[in-house]
Amino acid sequence: MPSATEPIPPGQSESVARLGSGFARWNRKLHFYAGLFLLFFLWLFALSGLLLNHSNWSSAEFWKHRKETNYERDIAAPGPEVKGDLAQARQIMRALGIEGEILWTTTRTSPDLFEFQVRRPGHFFFIHADLARKRAAVRQADVNLWGVMQALHSFTGVQMADPRNTRDWALTSMWAFSMDAVAAGLGVMVFSSIYMWLQLPQKRLPGAVALGLGSLICGLFCLGLRWIF
Amino acid sequence: MRGRFYRLIRDLHLYFGLFISPFVLLFAISVFFLVHSWLPRLGSAVSTTRLVSALPLPGDLQTLSGRPLIDALKPALEKAGVSGEVGFVQHLVKEEKLIVPVTIPGREATVTISLTSREATIVTREIGLADALVTLHKSPGPHGPDIRMNWFYMRAWRWMADTTVYLFLFVSLSGIYLWYMLRAERPFGLLLLFAGGLTFFGMAYALCH
C-alpha cells in the first residue's frame, strides 16, 4: 500500500488522491478487523474441514468413542389441537426436556408410533414415542470435542435434495446465519487483499503469478475437468 | 534481522494468500448453496443417453464389492468413455445389473451395466458450475473412505483442499503477527478478537449445552 508520503501522479486531483488513500486505509483496516473478528470461526471451519476429509484419522473417529445412555419417560399424548408431526415432536421434546434440531429419518407407519431424531452439536437423541402407552424411549449418544467440531461444520438443519428436513430450531437458524456471515467475511477479505496487492507495484508480478497459479488450478477443478473429459 | 523476518512473513502472507484466494472463494460461495439448500440453475440441465456394448467385464464381478469392484469396473468404464469419481455401486441381483454413478464436478453420469448382455446405458447430465462448487466443497467428505478418491483428479483435489487449509492456517497466524506489529491497531484489534471469541464460544456453548 503506498504511504501518505508517496507523490501524487500528475493530473490526479488532490481530492481524488485523498479519497483513494482513505479507501486504501479503510480497506486495509477492514481486512484485518474482519480477520480478527472471524478468527475463531475460521479456525473451526478450517480444522473441522480437515477432519471431515480425513475420516481415517483417529481423532476424526468420534462416533466410535460415543457415550450412549438409554432411558424411558412418561409423556402426555398430544391432543387433537396439536396438529402435524413437527408440533407433536415439539410437545414430546418439551416433556423430555430435549432441545435441538429435529431430523426426520423415517416415515410414520402408525398414528400411535412416532420415531424421530433430535440433534445438536455433540448430542444425538433417537426418540421412539408410543403415544398409545404414553411412553417415550430415548437413546442418547454424546460425542467428544472432535465430534462437536465436525457437527458444527455442517450444522445447517437442511439437506440438499431432502425438502422434508427444514430448520426448526432458532439456534440452528442463528448458526446458519453465522455461516453466511463467515462466508461473506471471507469474500470481503479476499477482495480487500487483492486491492491491497494491486496498490503495490513492485509486488504485482510475483503476486500475479501466485494468484494466476491458484486460479488456474482451481479453474481446472471447477470447469476444466468437464472440458477435458 | 527482525525487519527481515517481518518482511519475509509479510511477503509469504501476501503470496500464499493470493494463491489460496480462488479456493477460499470456492468454499465461501458454496457455503451459501449448502446452508440454504439451494442451487442456482443458470440453464436447464442437459441430459444425454447412449448405449455401449461389448464391455470387458471380469468373470468374478458379482462376487466383488467396495473398492475391488470399482477397480474391476474401471476397464469397462474406460471402454464406455466414462471418466470420473465412481460412487456407491448398486447391484440389482434379480435384474443382473449394476448401477454405477460416476461424477466429475458439474457432471453426473449413471452407467447401468447389464451383466448378461455386457451392455451399458449411460445417462449423462451436465449440472453446472454451482453443483461443481458444492461437489468440490464436500469432497472427499467423511462417508465411504474405503471407496472414495478412486479417480486421480479427486485425489489431487483432496491434496489441494488440504493444502488450502494448511496455507490458510499459516495466513491467519501470520496475519495475527502482522497486525500485532502495528502498535496503533492493537487495542481495537484486541477488542475485535475478544468480541469475535465471545460470539463464537457463546454460540458454540448455546448450541452444545
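Reader: Buried means under 20% relative accessible area, exposed over 50%, and partly exposed in between, for a 1.4 Å probe and protein chains only. Is A:Glu14 buried or exposed?

Author: This is a predicted model, in which local features need pLDDT of at least 70 and side-chain atom pairs pLDDT 80 or more, whereas totals for chains, interfaces and linings use all residues. Residues are numbered from 1 along each chain, chains are lettered from A and ligands numbered from 1 in written order, and side-chain values use heavy atoms, without hydrogens and water. A:Glu14 belongs to helix 1 of chain A (helices, H or I of at least four residues, and strands, E of at least two, are DSSP runs numbered from the N terminus). Because its relative accessibility is 56%, A:Glu14 counts as exposed.

Reader: What distance separates the C-alpha atoms of A:Glu14 and A:Leu220?

Author: A:Glu14 is part of helix 1 of chain A. Along the chain, A:Glu14 and A:Leu220 are 206 residues apart, and the separation of their C-alpha atoms is 44 Å.

Reader: How many aromatic pairs does the structure hold over all chains?

Author: Rings of Phe, Tyr and Trp (its six-membered ring) pair if their centres lie within 6.5 Å; planes under 30 degrees apart count as stacked, over 60 as edge-to-face and the rest as tilted. Over all chains, the number of such pairs is 29.

Reader: What is the geometry of the pair formed by A:Trp63 and A:Phe124?

Author: The two ring centres of A:Trp63 and A:Phe124 lie 5.0 Å apart, and the angle between the planes is 75°. This pair links distant parts of the chain, with A:Trp63 in the loop between helix 1 and strand 1 (67-74) of chain A and A:Phe124 in strand 4 (residues 123-130), 61 residues apart. The geometry of A:Trp63 and A:Phe124 is edge-to-face.

Reader: Why is the pair of B:Phe16 and B:Phe170 edge-to-face, and how many residues apart in sequence are the parts that the pair ties together?

Author: The ring centres of B:Phe16 and B:Phe170 are 5.5 Å apart and their planes meet at 80°, so the pair is edge-to-face. Because B:Phe16 lies in helix 1 of chain B and B:Phe170 in helix 4 of chain B, the pair ties together parts whose separation in sequence is 154 residues.

Reader: What relative accessible area does B:Phe170 have?

Author: B:Phe16 counts as partly exposed, at 29% relative accessibility. B:Phe170 is also partly exposed, and its relative accessible area is 26%.

Reader: Which residues form one aromatic cluster with A:Phe40?

Author: The cluster draws on chains A and B. Together with A:Phe40, its members are A:Phe41, A:Trp43, A:Phe45, A:Trp175, B:Phe200 and B:Phe201.

Reader: What is the phi of B:Ala54, which is not a glycine?

Author: B:Ala54 is situated in the loop between strand 1 (46-52) and helix 2 (66-79) of chain B. At 54% relative accessibility, B:Ala54 counts as exposed. The phi of B:Ala54 is positive, at about 55°.

Reader: Where does B:Glu96 lie?

Author: B:Glu96 is not a glycine, yet has a positive phi of about 55°. With 31% relative accessibility, B:Glu96 counts as partly exposed. B:Glu96 lies in the loop between strand 3 (90-92) and strand 4 (97-104) of chain B.

Reader: What is omega for the peptide bond from B:Ser139 to B:Pro140?

Author: B:Pro140 is in the loop between helix 3 (129-138) and helix 4 of chain B. The peptide bond from B:Ser139 to B:Pro140 is cis, with omega near -5°.
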